[in-house]
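Please take a moment to look over the sequence and the model before reading on.

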Amino acid sequence: ALAGGLGLGRAALPEEIAAWDKDVRPDGVGLPVGSGDAIVGEEVFADKCAACHGDFAEGVDNWPKLAGGMNTLNRDDPLKTVGSYWPHVSTLFDYINRSMPFGAAQTLEPDEVYGIVAYILYSNDLIEDDYVISNENLAAFELPNAAGFFVDDRETTEYAQFSAPACMENCKDEVKITMHATVLDVTPGDPTDGEGAPAGASGEGGAAPAAAEPE
Amino acid sequence: MSNEPLNDKAMIGTTRRGFLAATAATGTALVANAASGATPDPLITEVQEWGSGLGDGVDANPYGLPIRFESDVVRRNVSWLTADVISSINFTPIHALDGTITPQGCAFERHHSGAIELSKDDYRLMINGLVDTPLVFTYADLERMPRVTRTFFLECAANTGMEWAGAQLNGSQFTHGMIHNMEYTGVTLRTLLEEAGVQPTATWLFVEGADASSNGRSIPMEKALDDCMIAFKANGEALRMEHGYPVRLVVPGWEGNLWVKWLRRMEATDAPVESREETSKYTDTMADGTSRKWTWVMDAKSVVTSPSPQMPITHGNGPLVITGLAWSGRGAITGVDVSMDGGKTWKPARLAAPGTEMALTRFYFDHNWQGEEMLLQSRATDSTGYVQPTKAQLREVRGENSVYHNNCIQTWWVKPNGEAENVEVS
């Protein structure tokens, strides 16, 4: 152990650690005792989640879609949901338990969270509606994209190529413009003076093109 | 006032004949020159109000804001990017700034459940998990620890992310403005973790904020003990509320999402938590549908901030300052090259100061512009030898769906009338 010598701070009490340390790991460490199925979960979801995420977890307006998009990850516009993208059910429990509903986080009981987790899995056609998710079996449940992630490999796949000596002269024969931002016309106009605003700015509320979320 | 007469002294590196040819090409400049040459400038010959009356007293602004003429130098958001403004992003007006330090008041924000108000009195920091003694610190405790001051950039992983599939947003503020660069004062994580006594089995550190989103992330203990710090001061003063007041995490060179704001807990663990922010988000999908995870480092990158779509050339032909920013999460910027022909030829720019590790570097390229069309690019090189790639090079490896970590070379098409546009080139 590293040796501290300042003598600052005080010992954290078990109740304090329990109140704040709620994270859940893929192996299930951190799960509270509890259980729920999609039948119970549907009621909670309808009451507390569906206004944004839709009755079937399909998403309302621009709010996140939690279900669907299976086998779209290699397409131009992948739909990344719990069912199509997420690797671990533990993350679903952990995130809902700590940060949902949006605007009223940390108001759900463990059994409600298990129920919502079950309902989202059910909405992704991954379980039957009476399948009970609990602290006993949650970690063992494998999501479709569990094997879909690999650790950052830029050192081997990019670094060598991108650290070659840079060309300074006669680097290409011809240069053509292949795409213009003003064609899309989705940049907000200058809110203060209009002068010097990006050409063709359309202002707010225009039709959104296929765009990455700024996450 | 801004239309100062051009004269030979202002023309660097050009001949009288070249100057005449250039001014002849822009009729308005010629007229303005003639007029200003023939008529005394009333701003000089007439006593102005500010030269006669009185200005504000010293008690007018206990904490001042920029003068009203700079009201365009503000954060902006793009409403269609997110479902609402709470879990959302805004953009630093990098097009209008110079130097390297970002004024806090216009430094970009990214929240997942809004900017919370947390007082120093209410603040608590917990260290738990695989430590000898789980600890709770008050804010006052943190101020008594040995302090460090360092300057780093914070770049959102998604900066330039909307540009993966093409040229989309028209302005460096929007394409590259999810970034700020501040001088932070605080305490190293090593100091904090030593107080609790991290056990040898602790290979990861899970960090989370006090806000509803928590923004929990897993950091390898090696990085945590290397150069991470908590900060309670930025650019000399307390953090702004929207930047994590009173305490945030500083993770040099790594994606902004890891810089947890309103930091409330650090847990030493023997495995990553694989939280929402490192599974659903901040994972980078390749063309084949598999995804990189734990893409922490922000690679070398640069952008010309002026001229740019929000900063058209309005002064006519002659001396033009081409300037921009470069940075790398791998180390220090050692050079920036500028191209005016879309990458056919490159020339080294001048660094305002030698690059420092994982911080913004300002570059200048002094050009004598004669109204020619330019395809303006900048290309950064860092101390590891990494050279900023083109978007085509990145797409070849990653496809177009990786959302994050777009550090490609940016092209501005500067037209003969001085306007600039975000374009892609072959």
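## A bridge between two chains

Which residue forms a salt bridge with Arg98(A)? The partner is Glu208(B), and the closest N and O atoms of the two are 2.3 Å apart. This pair crosses between chains: Glu208(B) sits in strand β7 (residues 204-209) of chain B, while Arg98(A) belongs to helix α4 of chain A. Both Glu208(B) and Arg98(A) are buried. Please keep in mind throughout that this is a predicted model.

Salt bridges that share partners link Asp21(A), Asp23(A), Asp94(A), Arg98(A), Glu208(B), Arg264(B), Arg265(B) and Glu267(B) into one network.

## A closer look at Glu267(B)

Is Glu267(B) buried or exposed? With a relative accessible area of 10%, Glu267(B) is buried, since the cut-off for that word is under 20%.

Leaving aside residues up to four places away in sequence, Glu267(B) touches residues of both chains: Asp21(A) and Asp23(A) from chain A, and Asn128(B), Gly129(B), Trp204(B), Leu205(B) and Phe206(B) from chain B.

## Where chain A meets chain B

Let us step back to the whole interface. Here 92 residues of chain A are in contact with 122 residues of chain B. The area buried between the two chains is about 8,900 Å², and carbon and sulfur atoms give 55% of it.

How many salt bridges are counted between chain A and chain B? The count is nine. Another pair that spans the chains is Glu158(A) with Arg292(B), whose side chains meet in a salt bridge at 2.9 Å, N to O. On the side of chain A that touches chain B, the elements giving two or more residues include β1 (10-11), α1 (14-20), α4 (89-99) and β5 (177-180) of chain A. By class, that side of chain A has 46 nonpolar, 21 polar and 25 charged residues.

## Sheets that join the chains

Strands of a sheet pair through backbone hydrogen bonds, either parallel or antiparallel. With that in mind, look for an open sheet of six strands, in the order β1(A)-β4(B)-β3(B)-β12(B)-β7(B)-β8(B), with mixed pairing. Its edge strands are β1 of chain A and β8 of chain B, each of which pairs on one side only. Within this sheet, β7(B) and β12(B) pair in the antiparallel sense over six bridges. Among the residues involved, Trp204(B) has Thr269(B) in β12(B) as its bridge partner.

The chains also pair elsewhere. Three bridges join β5(A) to strand β23 (residues 420-425) of chain B, and these two strands run antiparallel. Met179(A) stands opposite Glu424(B) in β23(B).

## A sheet within chain B

Chain B also holds an open sheet of four strands, in the order β15-β16-β20-β19, with antiparallel pairing. Why is one side of β15 (301-306) and of β19 (350-351) left without a neighbour in the sheet? These strands of chain B stand at the edges and each has a single partner strand, so one side of each has no neighbour there.

Inside the sheet, strand β16 (residues 318-327) and strand β20 (residues 361-369) of chain B run antiparallel and are joined by nine bridges. Thr323(B) stands opposite Tyr364(B) in β20(B).

Over all chains, a search of the whole structure finds 35 salt bridges. In one of them, the side chains of Glu255(B) and Arg217(B) meet at 2.9 Å, N to O. Glu255(B) lies in the loop between β11 (248-250) and β12 (263-269) of chain B, and Arg217(B) in strand β8 (residues 217-220) of chain B, so the pair ties together parts that are 38 residues apart in sequence. Both Glu255(B) and Arg217(B) are buried.

Glu277(B) forms a salt bridge with Arg276(B), the closest N and O atoms being 2.8 Å apart. Glu277(B) is buried, with a relative accessible area of 3%, and Arg276(B) is buried at 11%.

## Chain A as a whole

Finally, chain A has eight helices and five strands. Buried residues make up 39% of its 215 residues.

Conventions
Residues are numbered from 1 along each chain as its sequence is written. Chains are lettered from A and ligands numbered from 1 in the order in which they are written. This is a predicted model: local features need pLDDT of at least 70, side-chain atom pairs count only at pLDDT 80 or more; totals for chains, interfaces and linings use all residues. Side-chain values use heavy atoms; hydrogens and water are left out. Contact means heavy atoms within 4.5 Å. Buried area is the accessible area (1.4 Å probe) that two parts lose on being put together, summed over both. A salt bridge is a side-chain nitrogen of Lys or Arg within 4 Å of a carboxyl oxygen of Asp or Glu. Ala, Val, Leu, Ile, Met, Phe, Trp, Tyr, Cys and Pro count as nonpolar, Asp, Glu, Lys and Arg as charged, and the others, Gly among them, as polar. Two strands pair if DSSP finds at least two bridges between them. Buried means under 20% relative accessible area, exposed over 50%, partly exposed in between (1.4 Å probe, protein chains only).
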